[in-house]
Amino acid sequence: MMAAGRLSFRDITALAPMVRVGTLPMRLLALDYGADVVYCEELIDIKMAQCQRVVNEVLQTVDFVAPDDRVMFRTCAKEKARVVFQMGTADPDRALTVARLVEKDVAAIDVNMGCPKEYSTKGGMGAALLSDPEKIEAILRKLVTGVSVPVTCKIRILPSMEETVRLVQRIEKTGIAALAVHGRFKEERPRHPVHCDYIKAVAQAVSIPVIANGGSLDLVKANADIEEFRKATGASSVMLGRAAMWNASVFSSQGPIPVERVMEEYLRYAIRYDNHAFNTKYCLCQMLRDKVESPLGKQVQAAQTNVEISEAFGLQDFYLQTQEQLQVRRDSLYSSSQPDQPVMDGDVTMMAIKFERREYPPQITPKMFLLEWSRKEKLEQPLYKTVQRSQDRAFQSTVTVAEKKYRSSLWEKSKKFAEQAAAIVCLRVLGIPEGRIGEEDSGLVCKRKREWKTNGFTEEEGRKKRHIAGIQQENESSEFAAAANGSHHKPNGPAAQL
């Protein structure tokens with residue numbers, strides 16, 4: 001598997017890159033059943049180049065998060081030495097940008113040169129590259145010389161065997177570590193037979209490992225068939241797509257395992273790593289195949305959340321236990337960190353902070369300071385999103401500023417206080433004044449509001465106003481208690497005034 005600390009592609013079986021299928025749960029499942037190497041689904045360079053690398057301390061993953069908060073790629077330590085990141089690209093510089101973004105978290109980088117689908121080819125990616133060998137060479141050379149991990153590519157065969165051989169010999173000279181060959185022409189689909197003779201010609205024409213792909217329907221139906229496909233193609237290794245999608249235990253010499261059990265194991269990973277419910281549902285439906293209209297299939301299709309999917313498989317207790325474990329981990333992370341030391345929960349920066357009203361002058365709030373700072377920096381107005389938990393009806397708010405999110409790990413008794421706490425986290429992380437009593441005047445909030453005690457107030461009157469503020473805070477606590485006992489408080493009402 002590993003040669004001098006680098007991933008080897010000789011004598012392996014691999015999970016093929018499959019759109020919407022090759023996410024973390026399926027990759028981990030394939031490894032459990034005996035796959036040596038797993039490829040992620042094709043991820044487009046333009047989208048990945050905009051991502052931020054986020055260490056998710058709660059899930060214990062590394063996430064690559066897009067500006068719209070979607071997790072484009074999630075990986076973990078368990079697969080780090082065996083996961084290949086596949087990208088769709090038609091630009092050498094952009095390809096290198098993405099490869100450098102992910103190279104510390106993956107075992108190798110692969111370029112998709114075989115996908116015939118329009119979403120890939122219309123941008124000059126995938127199978128469109130097969131007609132542009134100069135661009136293929138430019139991309140691969142840029143990557144081989146620019147990253148520290150092995151670089152590979154995956155192609156389809158060209159109209160003639162001679163053209164195919166000439167292309168792969170040019171590809172080999174770029175210095176790539178291995179070459180995967182899908183034994184079908186660009187126009188062919190899974191219903192067409194795989195051309196083992198083409199793959200064999202490629203394997204004989206180059207010295208690097210060749211990975212045979214495309215045999216799932218014709219040749220590989222069980223684990224024992226993998227070696228037969230390898231022999232038929234003369235390849236070093238075999239890559240499985242649909243056969244593994246239908247039942248990942250095809251990688252196991254002890255298989256096949258009943259698909260219902262495989263689905264349960266897949267779902268456990270999906271729950272453990274907070275996989276998106278629609279992606280989970282899609283993969284389960286692919287495993288069901290002709291049973292998709294069965295009672296179980298209909299229940300899965302109707303499910304909208306991971307909770308509902310779990311119920312379909314009788315795994316609701318596992319789901320609840322997992323959520324409790326994740327919450328314990330969150331609490332442990334936050335309790336072990338000092339209030340002034342932020343931690344990351346996915347793409348959200350969190351600190352253990354409560355809003356204490358008496359620490360601020362009556363006319364001043366952290367939200368004011370954050371708004372004024374945003375205006376000064378010509379940023380969009382801070383956006384607050386607040387949730388209420390059912391068990392005690394406490395509130396927690398997340399504020400988004402300059403496309404970054406901030407939240408207090410502590411729950412508050414009211415929506416207003418939760419928003420103020422989120423604002424404090426943002427201000428402290430950014431090192432911006434928040435308006436506390438005794439804080440040096442920053443000039444962010446106008447003098448008329450800031451210097452409240454000079455507008456006819458004595459120090460004694462100031463103390464009285466702070467005392468009144470404290471009483472108001474206690475009153476809010478009473479109102480909160482009443483709400484917890486069944487009041488008609490509506491958390492989704494208009495946003496609180498600053």
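**Rings and a helix: worked exercises**

Ring pairs link F64, F73 and F85 into a cluster. The model is predicted: local features need pLDDT of at least 70, side-chain atom pairs need 80 or more, and totals for chains, interfaces and linings use all residues. Residues are numbered from 1 along each chain as its sequence is written, and side-chain values use heavy atoms, without hydrogens and water.

**Exercise 1.** Classify the aromatic pair F73 and F85.

*Solution.* Start with the rule. Rings of Phe, Tyr and Trp (its six-membered ring) pair if their centres lie within 6.5 Å; planes under 30 degrees apart are stacked, over 60 edge-to-face, the rest tilted. By this rule there are six aromatic pairs. For F73 and F85, the centres are 5.2 Å apart and the planes make 75°, which is edge-to-face. Next, place the residues. F73 is in strand 8 (residues 71–75) and F85 in strand 9 (residues 83–88), 12 residues apart. Strands are DSSP runs of E, at least two residues, and helices runs of H or I, at least four, numbered from the N terminus.

**Exercise 2.** Decide whether F73 is buried or exposed.

*Solution.* Buried means under 20% relative accessible area, exposed over 50%, partly exposed in between (1.4 Å probe, protein chains only). F73 has 3%, so F73 is buried. F85, at 0%, is buried too.

**Exercise 3.** Find how many residues of helix 16 are buried.

*Solution.* Helix 16 covers residues 415–430. Of its 16 residues, 12 are buried. Among them are F417, I424 and L427. Just after helix 16, G431 takes a positive phi of about 75°.

Definitions and conventions
Expected span 1.5 Å × (residues − 1).
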